[in-house]
Amino acid sequence: MFITFEGIEGSGKSTQVKLLKAALEKIHFDVESTREPGWGRVGSLIRKIILDYDDIEIEPITELSLFCADRAQHVQEFIKPKLSQGKIVLCDRFYDSTIAYQGYGRGLDPEMVKKLGFGAALGIIPTVTFLIDISVNTALSRIIERPGRNRIDDESFEFHSRVRKSYLSLHNKQPNRICLIDGEKDIDSVQSEIRRTLRNRFSIFKRLDKLG
C-alpha cells in the first residue's frame, strides 16, 4: 500500500508521516517512509540544487524536470521494490505536489505538468493521499519560526495561495483518493483524523483502534 502526504509548506505533513509510521510499527506493520525530493544519492543532489542554492536561478521548466528526474529514480530504486515486498510505503510528497507547485505555483501548462509528473511516477498511483490543509497565513507564520528555510519556503504569499488553491481543486476532483485533513488543529488531533480515515477505509487498519 502506498500512502502519500501533501500540503503547502508548514502544513505539518512531515510530522504526521513520522507519527503514522511509529503507530503502524507499534502494531507490527512493515512500514517504510520516504520523501520527495531527496531520496538516495541522486535525489540528495537534486534536492540541494532545487531548494538550497540561493545563488542559482532555476527556470520553472528546469525545476519541473529536476523534480521529475528525482521521482523516476525514487520510484524505480526504492518505492517499487518496497511495494513489491509487501511493505506499506509512506511518502512525504508525490506527483500532486508537482501539479500544485510547478503547474499552478510556477504557472507552467498544467496538462504538460500532469503528463510529465505522472510519467515520472512509472505507473505508481497512491492508494490514498492525505492533504493536510492550512491557511497561507498559518503556513507563513510557521515557516518564519523554523530553521533552515529553503527557496520555496521564501516564495510570496501569492505563490503559496496558488499552490493551496490547486491542492483544494485536486481534492475536489479526486475525493475518493485525496482525503482533506484540517491541519489547523493540534498535532494529535490531525494524527487521530488520519488514523480514523485509514480505519474506516481499509479493514487491515482496524488494529489502529488499539492505539486510541
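Start inside: the structure holds 1 cavity of 30 Å³ or more. A cavity here is a set of points on a 1 Å grid over the protein atoms alone, where a 1.4 Å probe fits but cannot get out. Grid points are joined across faces, edges and corners, and a volume is the space filled by probe spheres set on the points.

Before you click further, note that this is a predicted model, where local features need pLDDT of at least 70, side-chain atom pairs count only at pLDDT 80 or more, and totals for chains, interfaces and linings use all residues. Residues are numbered from 1 along each chain as its sequence is written, and side-chain values use heavy atoms, with hydrogens and water left out.

**Stop 1: the cavity**

Select I99, Y104, K114, S166, S169, L170 and K173, which line the largest cavity. Lining residues have an atom within 4 Å of a point. The volume of the largest cavity is about 40 Å³. Now colour helix 4 (95-105) and helix 7 (157-173): each supplies at least two residues of this lining. Helix 7 gives the most, with 4 residues. Helices (H or I, at least four residues) and strands (E, at least two) are DSSP runs, numbered from the N terminus. By class, the cavity lining has 3 nonpolar, 2 polar and 2 charged residues. In that scheme Ala, Val, Leu, Ile, Met, Phe, Trp, Tyr, Cys and Pro count as nonpolar, Asp, Glu, Lys and Arg as charged, and the others, Gly among them, as polar.

**Stop 2: the whole chain**

Zoom out and switch to cartoon. You'll find 8 helices and 5 strands in the protein chain, and going along the sequence they follow the pattern β-α-β-α-α-β-α-α-β-α-α-β-α. The C-alpha trace spans about 50 × 35 × 35 Å along its principal axes. With 212 residues, a compact globule would have a radius of gyration near 17 Å, and the chain agrees, at 17 Å. That radius is taken over C-alpha atoms, and the globule rule is 2.2 Å times the number of residues to the power 0.38. Of the 212 residues, 48% count as buried. Buried means under 20% relative accessible area, exposed over 50%, and partly exposed in between (1.4 Å probe, protein chains only).

**Stop 3: the largest pocket**

Next, select E9, K13, S14, D92 and R93. Of the 31 residues that line the largest pocket, these are the closest to its centre. A pocket is an open set of points with protein on both sides within 12 Å along at least five of seven lines. About 660 Å³ of space lies in this one. Helix 1 (13-26), strand 2, helix 2, helix 3, helix 4 and helix 6 (136-145) each supply at least two lining residues, and the largest share, 5 residues, comes from helix 1. The pocket lining divides into 8 nonpolar, 11 polar and 12 charged residues.

Stay on R93, in the loop between strand 3 (88-92) and helix 4. R93 has a positive phi of about 85° although it is not a glycine. Is R93 buried or exposed? At 9% relative accessibility, R93 counts as buried.

**Stop 4: aromatic rings**

Show the rings of Phe, Tyr and Trp (its six-membered ring), which pair if their centres lie within 6.5 Å; planes under 30 degrees apart count as stacked, over 60 as edge-to-face and the rest as tilted. By this rule the count comes to 9 aromatic pairs. One of them is W39 with F78, a tilted pair at 5.1 Å centre to centre and 40° between the planes. The pair links distant parts of the chain, 39 residues apart: W39 is in the loop between strand 2 (31-35) and helix 2 (40-52), and F78 is in helix 3 (residues 60-84). W39 counts as partly exposed at 25% relative accessibility, while F78, at 8%, counts as buried.

Then try Y101 and Y167: their ring centres are 6.3 Å apart and their planes at 80°, so the pair is edge-to-face. Y101 sits in helix 4 and Y167 in helix 7, 66 residues apart. Both Y101 and Y167 are buried.

Also select F2, F94, Y95 and F118, which form one aromatic cluster.

**Stop 5: two backbone details**

Go to P37, in the loop between strand 2 and helix 2. The peptide bond from E36 to P37 is cis, with omega near -15°.

Finish at L122, in the loop between helix 5 (110-120) and strand 4 (128-133). Phi of L122 is near 55°, a positive value in a residue other than glycine. L122 counts as partly exposed, at 32% relative accessibility.
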